[in-house]
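Got your viewer open and a selection tool at hand? Let's take a walk through this model, one pick at a time.

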Amino acid sequence: MAISPPTERIWWKEPIARVELIWIVIAFVWGLVMFSMMIYWHGAGEQNLSSEAYKIKPQAFAQKAQTMIDQYTVRQEGGFPVVRPPVGSDVYLIARLWQWWPILELEKDQSYRLHLSSMDWQHGFSLQPVNINVQVHPGYEMVMKLKPNQSGEYGVVCNEFCGIGHHTMVGRIYVVE
Ligand code: CUA
């Protein structure tokens, strides 16, 4: 029992049981495999969605998003502006307690530059059902290329716990033909 002191004071000099030694070797080798996978996936995994990030004050980001909203809002849905920005343009999505603002409407097979940032604290951009995940932090603007290849309605779920309204922080992106 670990609760009582070992019977032999110099316990670390006792021979290691064979089974334990095997497990130590397996765990160590597996650790090395996992570690090299981090490096491998960095290049081969196509999981680095955001290769661009900038420092930005939340107010400055909100300003840029608002400019886009003012110019390209096409309708309202439940108090949210639905914004249809021009093909190829910079589109902005604000994360804040507890909403994704605004609703975006994008065209299929067209490229956009999606900018993400938070107004308050950490949120998680999780695009459903395609399962793309990006952390969203205040003070940082993450930029990623986006080219929707399927039309439909996508949900944006917050996947970083951000307080009492976390579970209600659901946004929407439409992809139209
Ligand atoms: Cu935002 Cu959880």
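Start by selecting Gln 135, which is partly exposed because its relative accessible area is 42% (buried means under 20%, exposed over 50%, partly exposed in between, with a 1.4 Å probe and protein chains only). Gln 135 sits in strand 9, residues 132–136; strands here are DSSP runs of E, at least two residues, and helices are runs of H or I, at least four residues, numbered from the N terminus.

Before you click on, a word on what you are looking at. This is a predicted model, where local features need pLDDT of at least 70, side-chain atom pairs count only at pLDDT 80 or more, and totals for chains, interfaces and linings use all residues. Residues are numbered from 1 along each chain as its sequence is written, and side-chain values use heavy atoms, with hydrogens and water left out.

Now show what surrounds Gln 135. Setting aside residues up to four places away in sequence, Gln 135 touches Gln 122, His 123, Met 142 and Glu 160 (contact means heavy atoms within 4.5 Å).

**Strand 4**

Next, select residues 90–96, which make up strand 4. Is Ala 95 buried or exposed? Ala 95 counts as buried, because its relative accessibility is 0%. Beyond residues up to four places away, its contacts include Trp 100, Asp 120, His 123 and Met 169. Gly 171 is 76 residues away along the chain, yet the two C-alpha atoms are separated by 9.3 Å.

Val 91 is in strand 4 too, and with 0% relative accessibility Val 91 is also counted as buried. Leaving out neighbours within four places, you'll find Val 91 in contact with residues including Met 68, Leu 104, Tyr 112 and His 115. From Val 91 to Tyr 112 is 6.8 Å, C-alpha to C-alpha.

**Helix 2**

Go to residues 58–72, helix 2. Color Phe 61, Ala 62, Ala 65, Met 68 and Ile 69, the buried residues of this helix. Looking down the axis of helix 2, these buried residues fall within an arc of 125 degrees, so they line one face; the arc is that of the directions from the helix axis to the C-beta atoms. Gln 59, Gln 63, Asp 70 and Gln 71 are exposed on the other side of helix 2.

Most residues other than glycine have a negative phi, and most peptide bonds are trans. Zoom in on the bond from Leu 97 to Trp 98: it is cis, with omega near -10 degrees. Trp 98 lies in the loop between strand 4 and strand 5. The bond from Trp 101 to Pro 102 is cis as well, with omega near -5 degrees, and Pro 102 lies in the loop between strand 5 and strand 6. Then pick Asp 109, where phi is near 65 degrees, a positive value in a residue other than glycine. Asp 109 is in the loop between strand 6 and strand 7.

Notes
Expected span 1.5 Å × (residues − 1).
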